[in-house]
Amino acid sequence: MPGTVGIIANPASGKDIRRLVAHASVFNNYEKVSIVRRAMVGLAAAGVERVLYMPDTFHICTKAAAELDLPFVLEPVADTLRADALDTVRAATAIEAAGAAAILSLGGDGTNRAIAKGARNVPLVALSTGTNNVFPTMIEGTVAGLAAGAIAAGAADPAVVAPRCKWIELAVDGIGRDVALIDAVVMADGFVASRAIWRIDRVREVVLTRAIPDAVGMASLGGFVGPVSPEDDWGLHLTLGQGGPCVTAPIAPGLFRPVPIAAVRRLEFGARVAVAGPALFALDGEREFTIRDGEEASLYVTRLGPPVVDAHRCLTAAQEVGFLRSDITAAVQSG
Amino acid sequence: MDLSNDKLIEMFTRMTRIREFDERAGHLTEEAKVVGSVHLYVGEEASGVGVCATLNDDDYITSTHRGHGHLLAKGGDMRKMFAELYAKSTGYCHGKGGSMHMSDLDLGILGANGILGAGAPIAAGAGFACKHRARGQVTVCFFGDGAASEGAVHEAMNLAATWKLPVIFVCENNLYGEFMAYSSQHAIDDVSDIAQGYGMPGVAVDGQDVLAVYEAAFEAVGRARRGDGPSFIETKTYRYYDHVGRDYGVVPRPEEEVNYWKSRDPIDIFRATLIERDVLSDASADAITQSVRDEVEAAIKFAEESPEPEVSALLEDVYTEVTA
């Protein structure tokens, strides 16, 4: 439906073990309510007619809307909560199926990965509320709402302001298994357990869609040996170990570790990194699954990820067509 | 996370001991063989075992009314526990305390506690002792989501944070305080959010995954031993049975919710992980379960055959002996 936007706010982001093992910030859910409230005001200002949202245990979106007199219809998209990442995947799928023009997300790299798995074709306005995020950006909720609203209102062309992002596809024994938006990390055999990565000595290989020195986490590690921008049509493959440079990188917020890098390789689209089991894979900062001895995984970078809205380009394009502007004479007369 | 196969199997065995102990304790209460009420820990085994697996015998824990699991996770003697439930003289409290007062000072178990949140000030005190002895000991304070709104818990957290005491506050959020849903009692989703207000790190972990709990506890205990002060861990878990006893359906919980949590049974999850990693086979896992069941039946037999306390023992254990 024209004028429809989805909101997915992850109530669990910003609370994992990195508060213990590093110096990660705490992002409580009242702050997320506040951000969504401002985003909703932005959506309303843009003339959005309908907002679909993922229900959650904290009721972020309904709390955000409670103090507002909103001009749009606000509807939940799912009826069953599992309180895990599958809620996000399902909500994204439902929002895409309902024909939303954009999805506004609050979370970290992991949240956006779950959204990408559920909805690969809806432009994504990704607001950072996670731990060490590379994919979402720190933008004001009002602006994020306005950008999503501009897409929904037709004031900005997603083909221009929301290019598809890169992602990493991971197959096990030739069968597609998962994706990552920023990094896929191969660790020595271990357990998924608390999911986060901070024991760098267990990391064997890293595949990156972007490698930027002004980031935290694996993207930073790559950023100091071979920068790769989101726009570059290739990725980066690091093999950790002796024989090359040693980078002292911020692998988590406030946590630096020396990381010896044995090899750095530019990874062209479609070029495969083969990994023999046993191994443990972490995707976008979260340990996810293992492969056993005898199994083989392959990873490769493509530009088949979801379209990601560049808020600056989006609103610049929107202003060029008169978005939010009314006739000055009429405005003065009515005022 | 470096855990030997022996350690992993020990953790699995302890979880199984808790499960089998409490299942039988629930039935024995219904048969009127156990005296008094029991608050069963079934479904929450990963929390107690994941935390206690990071502790030494000379570290302390304080427990709750739902304390059987904590005692067994710290290495408590099942025979003394059943004997206590049977109110026999061979029990932990010589048959005079029952389910909610069992303690084992040799193992650092400072006692279950029938008063909501009352373990927290004790934990702060034990933490104070740990700090001043300077032997690297730590104290773990187990409490539930219901106790998280008790003043005593907040006072203890404030004191522990102010004095940088080696205390780990472990809130086992099983989503219900007695019969009332968590969301009806708290304005926040994650109890661990309150830690920030006291200046200590707080994390929420999957309480059904013993390795996730272990990892968080390992880091928190390490902080405490290094003198970096207290931490707060919230284990997201679920109790399978009613607040008291087994499933009497006093206040029914949504069937979908119960089924979801039972589909994430902590013992099933850990068993599958250990089998996948070739640490256990189906046969060896079954053998452990059977061995634990045999141990439980032997402990019950011990309790049944133990003598009642003498009347003359009634006033013993009220005051400690004071030595000059």
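**Notes on the predicted model**

1. The model is predicted. In chain B, helix α5 (residues 119-133) lies across β1, β2 and β3 (167-173) of chain B. Relative to β2(B), α5(B) runs at about 170°.

2. These strands belong to an open sheet of 5 strands in chain B, ordered β1-β2-β3-β7-β6, with parallel pairing. At the edges are β1 (60-62) and β6 (202-206) of chain B, each of which pairs on one side only. From one strand to the next, the twist averages 20°.

3. One of the pairs is B:Ile61, whose bridge partner in β2(B) is B:Val140.

4. Chain A is divided into domain 1 (4-165 + 306-334) and domain 2 (167-302). The C-alpha centres of these two domains of chain A lie 28 Å apart.

5. Where the domains of chain A meet, 19 residues of domain 1 are in contact with 23 residues of domain 2. On the domain 1 side, the elements giving two or more residues are α1 (18-21) and α5 (109-118) of chain A. The largest share, 6 residues, comes from α5(A). By class, this side of domain 1 of chain A has 8 nonpolar, 6 polar and 5 charged residues.

Methods
Residues numbered from 1 in each chain as written. Chains lettered and ligands numbered in written order. Predicted model: local features only at pLDDT ≥ 70, side-chain atom pairs only at ≥ 80, totals over all residues. Pairing = 2+ DSSP bridges. Helix = DSSP H or I, 4+ residues; strand = E, 2+ residues; numbered from the N terminus. Axes fitted to C-alpha atoms, helices over the stretch in contact; angles between N-to-C directions. Contact = placed C-beta atoms within 7 Å. Domains from an automatic or database assignment. Nonpolar A, V, L, I, M, F, W, Y, C, P; charged D, E, K, R; others polar.
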